[in-house]
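This briefing concerns the structure shown below. Please keep the sequence and the three-dimensional view at hand while reading.

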Amino acid sequence: MSTPQPPVGIDELLERVRRGYERVEAREAHAAARAGDALLVDIRYAALRTRDGLIPGALVVERNELEWRLDPLGSHRAPEATGHDLRVVVVCNEGYASSLAAASLHRLGLLRATDLVGGFQAWRSAGLPVTPWDGRGQPS
């Protein structure tokens with residue numbers, strides 16, 4: 001029987017999972033997506049997308065569906081989930097939930113998954129493209 005590990009706080013957990021991969025900055029993510037070298041995945045909830053808009057070309061997947069939609073072996077995968085070698089850049093609002101989401105994708109074998117430092121807010125602050133959201137998942 002294994003010895004139980006002591007509880008860990010969220011700050012320590014974030015530090016641990018972020019050591020498992022290299023995070024990307026907004027301009028790097030933008031360049032990779034434009035070159036077809038990365039799939040941007042927006043996991044923000046609808047109210048934030050309505051308020052702030054969308055990253056053009058990003059796949060919108062609610063956080064609670066992420067693993068099912070991106071698992072290349074899953075029956076509910078998105079068409080974009082083409083293989084375990086896919087480079088995924090997960091985007092949340094400020095870059096916290098996306099770190100945990102990227103770590104979860106690593107556990108599914110998507111070892112090139114990472115997240116956007118500072119999230120959508122960093123993307124917008126960098127002056128990168130944003131389009132209004134129509135409330136149905138499509139740019140308006």
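The side chains of Arg-51 and Asp-52 meet in a salt bridge, with 2.8 Å from N to O; a salt bridge is a side-chain nitrogen of Lys or Arg within 4 Å of a carboxyl oxygen of Asp or Glu. The model is predicted, so local features need pLDDT of at least 70 and side-chain atom pairs count only at pLDDT 80 or more, while totals for chains, interfaces and linings use all residues. Residues are numbered from 1 along each chain as its sequence is written, and side-chain values use heavy atoms, with hydrogens and water left out.

**Salt bridges**

- The structure holds ten salt bridges.
- In the pair described above, Arg-51 is exposed at 53% relative accessible area, whereas Asp-52 is buried at 10%; buried means under 20% relative accessible area, exposed over 50%, and partly exposed in between (1.4 Å probe, protein chains only).
- Glu-12 and Arg-16 form a salt bridge through their side chains, at 2.9 Å from N to O.
- These two residues, Glu-12 and Arg-16, are four residues apart in helix α1, which means that about one helical turn separates them.
- Both are partly exposed: Glu-12 has 31% relative accessibility and Arg-16 has 48%.
- Arg-19 and Glu-15 are joined by a salt bridge of 3.4 Å, N to O; Arg-19 is exposed at 57%, and Glu-15 is partly exposed at 46%.
- Glu-12, Glu-15, Arg-16 and Arg-19 are linked in a network of salt bridges.

**Surface patch**

- Val-8, Ile-10 and Leu-13 make a nonpolar surface patch of about 220 Å².
- Patches are made of residues with over 30% relative accessible area and no salt bridge, where like charges are joined within 9 Å and nonpolar side chains (Val, Leu, Ile, Met, Phe, Trp, Tyr) within 5 Å; accessible areas come from the Shrake-Rupley method with a 1.4 Å probe, and for residues only the protein chains shown count as cover.
- Ile-10 belongs to helix α1, residues 10–18, and is partly exposed at 47%; helices (H or I, at least four residues) and strands (E, at least two) are DSSP runs, numbered from the N terminus.

**Nonpolar cores**

- The largest nonpolar core has 17 residues, and those touching the most other members include Val-41, Leu-59 and Leu-70; such a core is a set of buried Ala, Val, Leu, Ile, Met, Phe, Trp, Tyr and Cys residues joined through side-chain atoms within 4.5 Å.
- At least two residues of this core come from each of β1 (39–42), α4 (66–70), β3 (88–91) and α5 (97–107).
- Another core of 14 residues lies apart from it, with Ala-58 and Leu-128 among them.
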